[in-house]
Amino acid sequence: MIKSQQVYSARLNYTAGAFENIIKILGDITMMDKQQMVDIIKREKLIVIVRNIPTEKIVALAKAMINGGINCMEVTLDQQSDDNYKSTLESISVLCETFGDKLFVGVGTAMTAQQVRLSAQAGAKYVISPNVCREVIEETNKHNLVSIPGALTPPEIADAYSFG
């Protein structure tokens, strides 16, 4: 719960030109733009990839990561199982609600625009895909998320860049 003194303090800081303090006090990263997320990923230098961890266990894993100084997690979509697919989206939502701006959660192995849409609704801040897919990159941009497509060859890199 936000105390009125904190809100008053945040307003004073805003008038002094420190908008970042308001975001920090309120714990609200919904206003984060893509460049801020890119900067965080660059600063953190490590994204832990989590696959097939049940939702009821993923919170404890995230707590251990945060305590160890790791703040970026990719929760990977399982393309072969509808149950795991739904579990991934639920995990993303639970992690975002539980940890707010202490953990930056993204989705991995996103291969369709629908997967990007559902992941954005769940709270993912970035999308990692195994290939360069125009519809995935464009949908990611529509939701103001960071797109990290898998690109190796010069033509793949050029395509990823041209798609946004």
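Visitor: In what order do the elements run from the N terminus on?

Guide: Keep in mind that this is a predicted model. There are eight helices and five strands in the protein. Reading from the N terminus on, the elements go α-α-α-β-α-β-α-β-α-β-α-β-α.

Visitor: Which element supplies the largest share of the largest nonpolar core?

Guide: That core has 26 residues, and Met 73, Ile 92, Leu 95 and Leu 103 touch the most other members. At least two residues each come from helix 4 (55-67), strand 2 (72-76), helix 5 (82-99), strand 3 (104-108) and helix 6 (113-122). The largest share, six residues, is from helix 5.

Visitor: How many residues does the other core have?

Guide: It lies apart from the largest one, and Met 32, Ile 41, Cys 72 and Phe 104 are among its members. The count for this other core is nine residues.

Visitor: Let's zoom in on Leu 103. Leaving out residues up to four places away in sequence, what does Leu 103 touch?

Guide: Leu 103 belongs to the largest nonpolar core. With those sequence neighbors left out, a contact needs heavy atoms within 4.5 Å. On that basis, Leu 103 touches Ala 62, Met 65, Ile 66, Asn 71, Cys 72, Met 73 and Leu 95.

Visitor: And what percentage of the residues in the protein are buried?

Guide: A residue counts as buried here if its relative accessible area is under 20%. The protein has 164 residues, and the buried ones make up 37%.

Terms used: Residues numbered from 1 in each chain as written. Predicted model: local features only at pLDDT ≥ 70, side-chain atom pairs only at ≥ 80, totals over all residues. Heavy atoms only, no water. Core = buried A, V, L, I, M, F, W, Y, C linked by side-chain atoms within 4.5 Å. Buried < 20%, exposed > 50% of the residue type's maximum accessible area, 1.4 Å probe, protein only. Helix = DSSP H or I, 4+ residues; strand = E, 2+ residues; numbered from the N terminus.
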